[in-house]
Amino acid sequence: MEIPYNVQVREDTGVYNSKLGIWLFLASEVMLFGGLFSAYILLRTGAPVWPPIGEHGSIMHLLKETIPHATFNTVVLIASSVTMVMAWVSLKMKDLGKFRIYLGTTLICALVFLIVKYFEYSHKIHEGFVPSHDTYMALYFTLTGLHGLHIIGGMIVLGYFFGPGIKMWDNEPERFTNRIEIVGLYWHFVDLVWIFLFPILYLLN
Amino acid sequence: MSAKDMAHHIANYRKIFVYLLIGTALTVTASYMEFNVQNSIAGAVFVGLTIAAIKGYLVAANFMHLNSEKKIIHWILLLTVFFLGLLLFIPLLWDLNLMSHY
């Protein structure tokens, strides 16, 4: 049985079903991250010193060292958002070659982001700044960890469309273009979350 | 969409990319500046989050095409923003409640 309104726009909503679905999903994601941002506000306003001083002292000196890495990661993620939207534009222009290049670049950017994050995590854990060290570190690992999981999830979906999923282009190009738009919306959301995580976790302490 | 429309979109995406890079540079610069609001970093937090909000708007409006999206999507987001505001406001209510005991 064919799923209706994958390509066609529904008259009552004005959008195709998958688009409505992804926006509802993103709304729930806003609340998920919102809950953690709320916890951040509560813990930060309630702390006499921020970031709190724990067994290994304050994380401040390490944070200052990691600002260049985090800034680099921000630029990488913004660039990945641009390549993602360009991948969609390429499909609209019926240029599959360019689509592959842009989607491949998006995947590389995501991988670079995770590699930088791995080194950042290793450095902090090596210095004893683990999630149980203080409330800042608990929030730092929860927020960046959850965001990292979203990056990995996005990479799996993007990887599918870069590999086996691209076959759909041969028979249903419009549906495939819509699928890329949908995964693009998710990817831009992940970028948007990082835009807020970057200042609150690295800069404004 | 025509080729002309697409060319317009591409030019816009490039422009937004540059704006986002400038925004990132400004956020990093702002974090090093002394705004000196009641000897706290409240000024830096305000400036940093304002720039982040502008960057977020640029991504949502242009890359996520919210500037040309249908009403139903706007309504979903409006409702989400309302509840998000409520969620973020709860800690402040907690703080106010505590303060009233002193």
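**Helix packing and the nonpolar core**

Helix 1 and helix 6 of chain A cross in a right-handed way (the near helix is turned clockwise from the far one by less than a right angle; helices are DSSP runs of H or I with at least four residues, numbered from the N terminus). This is a predicted model, where local features need pLDDT of at least 70 and side-chain atom pairs count only at pLDDT 80 or more, while totals for chains, interfaces and linings use all residues. Residues are numbered from 1 along each chain as its sequence is written, with chains lettered from A and ligands numbered from 1 in the order in which they are written.

The angle between helix 1 and helix 6 of chain A is about 15 degrees, and their axes sit 10 Å apart (axes are lines fitted to C-alpha atoms over the stretch in contact, and angles run from 0 to 180 degrees between N-to-C directions).

As for the core, Ala87(A) and Phe198(A) touch the most other members of the largest nonpolar core, which has 64 residues. Such a core is a set of buried Ala, Val, Leu, Ile, Met, Phe, Trp, Tyr and Cys residues joined through C-beta atoms within 7 Å; buried takes 20 or more other C-beta atoms within 10 Å of a residue's own, all placed from the backbone. Helix 6 of chain A gives the largest share of this core, 18 residues. Leaving out residues up to four places away in sequence, Phe198(A) touches Ala70(A), Thr74(A) and Leu203(A) (contact means backbone-placed C-beta atoms within 7 Å).

Methods. Helices (H or I, at least four residues) and strands (E, at least two) are DSSP runs, numbered from the N terminus. A residue is buried if 20 or more other C-beta atoms lie within 10 Å of its own, exposed if 12 or fewer, and partly exposed in between; C-beta atoms are placed from the backbone. Two residues are in contact if their C-beta atoms, placed from the backbone, lie within 7 Å.
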